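Please look over the model shown here.

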Amino acid sequence: MHTKTLEEYKKAIKIKYEIEKEGEHFDYLYSPSRGKLRDLCWLIFENNPTQDDLNVFKNLLCLDFDHTKKNKFKEQKDKFRPIETFFKGETDPLNIDAINLAAVIVDFQPRPFKKFNEKCRIEEAKQIENGHKAEIVVESEKEVIEVEGFVKNENEEPKEDLKKENLSFNFKDIFSKIKAQKINPEKIIMVGIGTIALVSSACLKKLDRMISKSK
């Protein structure tokens, strides 16, 4: 038996009692006594009890519910003492049959304790399963982000490489135009020297700026 779950069962029944004592069975529950709880129990079992409830009745009172044996049932008043003190908050019952009959009296569901325990185990298993699913989703999202980042980095070319390619393309473009226009070879040489001079001048200026910053 799961002690923690049993404690939760008793707490839930006690909460239901606090609601029901202000309701339809106020006269029996507001200030409960063994006699009142016994009479209410009989009233409840006269109205088509379930097989589970009949089993609880038999387990605690050691007799089957029988409409023709009400006088014998009245002799069972002391069997309701643990339920009375439980509702009053005076004791914490250990007898599972008394706890289950208390659940019947306040119409707490799910009952008996076996069904309550099964429901708790199912809900706990669902929570664990949902937790695992959430972890899998998070891991999958991380993997997708990593892959997207890798693809992005692969597709992005360094700026320096782009500058070199653009410079190379400019030279090719210049000489292709010169060739197409059939310019004098001497002019071609002069243009080439001038281009190289411009590049060299730009490099020298950049170097000079770097030296100035270092000072």
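This is a predicted model: local features need pLDDT of at least 70, side-chain atom pairs count only at pLDDT 80 or more; totals for chains, interfaces and linings use all residues.

Residues are numbered from 1 along each chain as its sequence is written, and side-chain values use heavy atoms, with hydrogens and water left out.

**Fold**

The protein chain has 10 helices and 0 strands. Its pattern along the sequence is α-α-α-α-α-α-α-α-α-α. Helices (H or I, at least four residues) and strands (E, at least two) are DSSP runs, numbered from the N terminus. The chain has 215 residues, and 25% of them count as buried. Buried means under 20% relative accessible area, exposed means over 50%, and partly exposed lies in between (1.4 Å probe, protein chains only).

The accessible surface of the chain is about 15800 Å², with 55% belonging to carbon and sulfur atoms. Accessible areas come from the Shrake-Rupley method with a 1.4 Å probe; for residues, only the protein chains shown count as cover. Contacts between residues at least 6 apart in sequence were also sorted by separation: 58% of them join residues at least 24 apart. A contact means heavy atoms within 4.5 Å.

**Aromatic pairs**

How many aromatic pairs does a search of the whole structure find? It finds 14. Rings of Phe, Tyr and Trp (its six-membered ring) pair if their centres lie within 6.5 Å; planes under 30 degrees apart count as stacked, over 60 as edge-to-face and the rest as tilted. Two of the pairs are set out here.

| Pair | Centre to centre | Angle between planes | Class |
|---|---|---|---|
| Tyrosine 9 and phenylalanine 116 | 5.0 Å | 45° | tilted |
| Tryptophan 42 and phenylalanine 73 | 5.0 Å | 40° | tilted |

Tyrosine 9 sits in helix H1 (residues 3–20) and phenylalanine 116 in helix H8 (residues 113–155), so their pair ties together parts that are 107 residues apart in sequence. Tyrosine 9 is buried because its relative accessibility is 0%. Phenylalanine 116 is buried too, at a relative accessible area of 9%.

**Largest pocket**

The largest pocket holds about 330 Å³ of space. On a 1 Å grid over the protein atoms alone, a pocket is an open set of points where a 1.4 Å probe fits, with protein on both sides within 12 Å along at least five of seven lines; lining residues have an atom within 4 Å of a point. Grid points are joined across faces, edges and corners, and a volume is the space filled by probe spheres set on the points.

Which residues lie nearest the centre of the largest pocket? They are Ile44, Asp53, Val104, Asp107 and Arg111, from a lining of 18 residues. H3, helix H4 (51–61) and helix H7 (96–105) each supply at least two lining residues. H3 gives the most, with 3 residues. By class, the lining has 7 nonpolar, 5 polar and 6 charged residues. Ala, Val, Leu, Ile, Met, Phe, Trp, Tyr, Cys and Pro count as nonpolar, Asp, Glu, Lys and Arg as charged, and the others, Gly among them, as polar.

**Alanine 102**

Alanine 102 lies in helix H7. It is buried, with a relative accessible area of 0%. Leaving out residues up to four places away in sequence, alanine 102 touches Ile13, Ile83, Phe86 and Phe87.

**Backbone in the loops**

Most residues other than glycine have a negative phi, and most peptide bonds are trans. The loop between H7 and H8 holds proline 110 and proline 112. A cis peptide bond joins glutamine 109 to proline 110, with omega about -5°. Another cis bond joins arginine 111 to proline 112, also with omega about -5°.

Aspartate 107 is in the loop between H7 and H8. Its phi is positive, near 55°. Aspartate 107 is partly exposed, at 43% relative accessible area. Asparagine 48 lies in the loop between H3 and H4. Its phi is near 50°, again positive in a residue other than glycine. Asparagine 48 counts as exposed, at 75% relative accessibility.
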